[in-house]
Amino acid sequence: MSTDTYATNMLGAFTTALAAGIDEEISGVGLRSLSAATALVTIRNHSDDSIEVLRRVLNLTHSGAVRLINGMEEDGLVERHRSPHDTRAVTVRLTAEGRNQAEQVLRARAAVTERVFAALTDEQQTVLTPILKMALQALTEGRDSARRICRLCDEGVCRPTGCPVELSAAE
């Protein structure tokens, strides 16, 4: 089967525009950086993960992840704790303000994605949903990949019906 260059080019333009719109909307929340916004949502979805796990999800160096957490801790958004499983590891939890900011980030992301979805008819939305599931599954290459893909997701939305990314990572 040949690749439709026109369609793949439009897909690239769409994903670039969508990502830029989400970044711009999230920037309006007023956090230190987009990395901080992403970290807040990631920590919200997986509280008590280690800084090492967060580093991998955000694709940062260890020192970069530590600096990010330091800044977020200074801003009163996160707290560090010793891992109950490994006393050498440090885990990260959101404070009440961190949870509030993470929810604002999720609302900012949703504002952009909902605008796009609202432009479609009900029938188009019904057709698009399974296509998005298949595309996300095709992009998932394992657990770390799944966590990177879903780093700005409201994971509670997908969990009741089964997140296609998590299901693909588990295979």
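This is a predicted model: local features need pLDDT of at least 70, side-chain atom pairs count only at pLDDT 80 or more; totals for chains, interfaces and linings use all residues.
User: How do you know how confident the predictor is in the protein chain?

Analyst: Confidence is given by pLDDT, on a scale from 0 to 100. The protein chain has a mean of 93, and 99% of its residues reach 70 or more. Confidence is highest in H5, at 97, and lowest in helix H9 (residues 164-170), at a mean of 89.

User: Why is H2 called roughly perpendicular to H5?

Analyst: Happy to walk through that one! The axes of helix H2 (residues 34-45) and H5 cross at roughly 110 degrees, coming within 9 Å. Angles from 65 to 115 degrees count as roughly perpendicular, so H2 gets that description relative to H5.

User: What makes the contact between H2 and H5?

Analyst: From H2 come Ala37, Leu40, Val41 and Arg44, and they meet Gly98, Gln101, Ala102, Glu103, Val105 and Leu106 of H5. Sorted by class, six of these residues are nonpolar, two are polar and two are charged.

User: What describes the crossing of H1 and H5?

Analyst: Helix H1 (residues 5-27) and helix H5 (residues 96-118) have axes that come within 8 Å and cross at roughly 145 degrees. This crossing is right-handed. On the H1 side, the contact includes Phe14, Leu18 and Gly21, while H5 brings residues including Val105, Ala108 and Arg109.

User: Which classes of residue make up the contact of H1 with H5?

Analyst: Nine are nonpolar, two polar and three charged. Gly21 of H1 is part of this contact, and Gly counts as polar here.

Notes
Residues are numbered from 1 along each chain as its sequence is written. Side-chain values use heavy atoms; hydrogens and water are left out. Axes are lines fitted to C-alpha atoms, for helices over the stretch in contact, and angles run from 0 to 180 degrees between N-to-C directions. Helices (H or I, at least four residues) and strands (E, at least two) are DSSP runs, numbered from the N terminus. A crossing is left-handed if the near helix is turned anticlockwise from the far one by less than a right angle, and right-handed if clockwise. Contact means heavy atoms within 4.5 Å. Angles under 35 degrees count as roughly parallel, over 145 as roughly antiparallel, 65 to 115 as roughly perpendicular and the rest as oblique.
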